Amino acid sequence: MLTSNIIKGVTKGFPLGITPTKVEVKEVDFNPTFIVKTLTKIDYSALYQAANDVGHAEGLPEKLEDDVKENEDLLKKLHNALLQVEVIEGELVCPESGRKFPISNGIPNMLLLENEVENVTQ
Amino acid sequence: PCFCLEVGSGSGICITFLAQILNSSATFFCTDINPKAVEMTMATALKNGRTVEPILCNLTNALEQRLKGKVDVLLFNPPYVVTPSDEVASGGIEASWAGGIKGREVTDKFLPKVASLLSPDGAFYLVVIKENDPDDIEQLMKSYGLSMKCLGSRRAGREYLSILRFARQPEHSHSWS
């Protein structure tokens with residue numbers, strides 16, 4: 001699910017770039033209310049970039065207009081990008097440091113090495 | 001609810017159960033520091049016909065920035081067992097129980113983040129044992145503007161467990177609305 005991109009990099013990094021090596025598209029029931037609700041809570045430009053990174057941005061506009069909830073066709077495309085396209089293997093890339101976080105089995109590994117952790121204020 | 005997040009999902013039973021009772025009309029994020037746990041969480045959810053989004057990271061550090069003010073249901077069954085400090089956060093199976101001094105070392109790292117993660121009406125559910133000093137946790141969370149309600153307690157073997165719920169408003173009785 002592409003919204004697992006709401007992740008930061010070591011410094012501030014968002015959005016993370018995606019270099020997929022294995023992508024799957026599975027079928028998920030279309031729930032327009034859920035899509036509309038979720039769209040209000042995410043950064044659309046990040047979703048658009050992510051969809052582009054994995055090669056599934058067909059039909060997605062660069063910017064979302066306010067009337068998106070009336071456009072069922074577009075909602076279906078957004079549903080596809082949000083819920084159906086899944087990166088199974090690949091990497092997330094921090095836009096600031098270039099640090100790569102591996103994705104395996106659909107799960108991103110965001111664990112940092114000891115020397116990558118900033119001094120934590122208690 | 002729109003976004004749910006479980007910290008330390010372990011086997012995945014809690015987040016899967018949540019997905020079942022909420023009938024999946026939300027997005028379910030879950031994290032764990034142990035790679036085997038996140039895989040197991042994914043498997044448990046799938047076996048029960050649910051989709052969850054597991055992330056391998058320390059507490060919620062990979063998600064905090066983007067989920068700020070958006071989490072409607074936040075769950076944490078922490079490593080609450082009282083152990084020596086050096087057993088905490090090993091990354092192995094001990095990470096699932098080792099809580100250090102008063103069993104609070106991991107919990108205390110997470111508590112300051114709760115208020116900023118929660119949405120205005122969001123709620124945080126925490127499992128504690130008596131040794132974790134729930135009264136102290138109540139005071140601490142009050143300073144973050146969250147009020148506590150104990151939803152239930154019971155004894156299981158040597159442990160006296162309680163489920164605590166934290167939210168911004170004190171619980172109103174239903175006749176209020």
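# Reading a two-chain model

Reader: Which residues does Leu39(A) touch, not counting residues up to four places away in sequence?

Author: Contact means heavy atoms within 4.5 Å. On that basis, and leaving out residues up to four places away in sequence, Leu39(A) touches Tyr44(A), Leu47(A), Leu64(A), Leu75(A), Leu78(A) and Leu82(A). This is a predicted model, in which local features need pLDDT of at least 70 and side-chain atom pairs count only at pLDDT 80 or more, while totals for chains, interfaces and linings use all residues. Residues are numbered from 1 along each chain as its sequence is written, chains are lettered from A and ligands numbered from 1 in the order in which they are written, and side-chain values use heavy atoms, with hydrogens and water left out.

Reader: Which residues have the most contacts inside the largest nonpolar core?

Author: A nonpolar core is a set of buried Ala, Val, Leu, Ile, Met, Phe, Trp, Tyr and Cys residues joined through side-chain atoms within 4.5 Å. Buried means under 20% relative accessible area, exposed over 50%, and partly exposed in between (1.4 Å probe, protein chains only). The largest core has 58 residues, and those with the most contacts inside it are Leu39(A), Leu60(A), Leu78(A), Leu74(B), Phe110(B) and Phe124(B). Another core, of 11 residues, lies apart from it; among its residues are Ala26(B), Phe28(B), Cys30(B) and Val52(B).

Reader: Which residues of helix 1 of chain A are buried, and what covers them?

Author: Helices (H or I, at least four residues) and strands (E, at least two) are DSSP runs, numbered from the N terminus. An α-helix has 3.6 residues a turn, so residues three or four places apart point the same way. In helix 1 (residues 32-39) of chain A, the buried residues are Phe34(A), Ile35(A), Thr38(A) and Leu39(A). They lie on the same side of helix 1 of chain A because they cover an arc of only 130° around the axis, the arc being that of the directions from the helix axis to the C-beta atoms. Their cover includes helix 2 (44-53) and helix 3 (72-84) of chain A, as well as strand 1 and strand 2 (27-32) of chain B.

Reader: What is the order of the strands in the open sheet of chain B?

Author: Strands of a sheet pair through backbone hydrogen bonds, either parallel or antiparallel. Two strands pair if DSSP finds at least two bridges between them. The open sheet has 7 strands in the order 3-2-1-4-5-7-6 (chain B), with mixed pairing. Strand 3 (53-56) and strand 6 (147-156) of chain B are the edge strands, each pairing on one side only. The twist averages 15° from one strand to the next.

Helix 2 (residues 35-47) of chain B packs on the sheet and touches strand 2 and strand 3 of chain B; its direction makes about 175° with that of strand 3 of chain B. Axes are lines fitted to C-alpha atoms, for helices over the stretch in contact, and angles run from 0 to 180 degrees between N-to-C directions.

Reader: Which strands of chain B are joined to strand 4 of chain B?

Author: Strand 1 (residues 3-7) of chain B runs parallel to strand 4 of chain B and is joined to it by 4 bridges, with Leu5(B) opposite Leu74(B). Strand 5 (residues 118-129) of chain B is also parallel to strand 4 of chain B, over 5 bridges, and Val71(B) stands opposite Leu118(B). In strand 4 (residues 71-76) of chain B, 6 of its 6 residues are buried.
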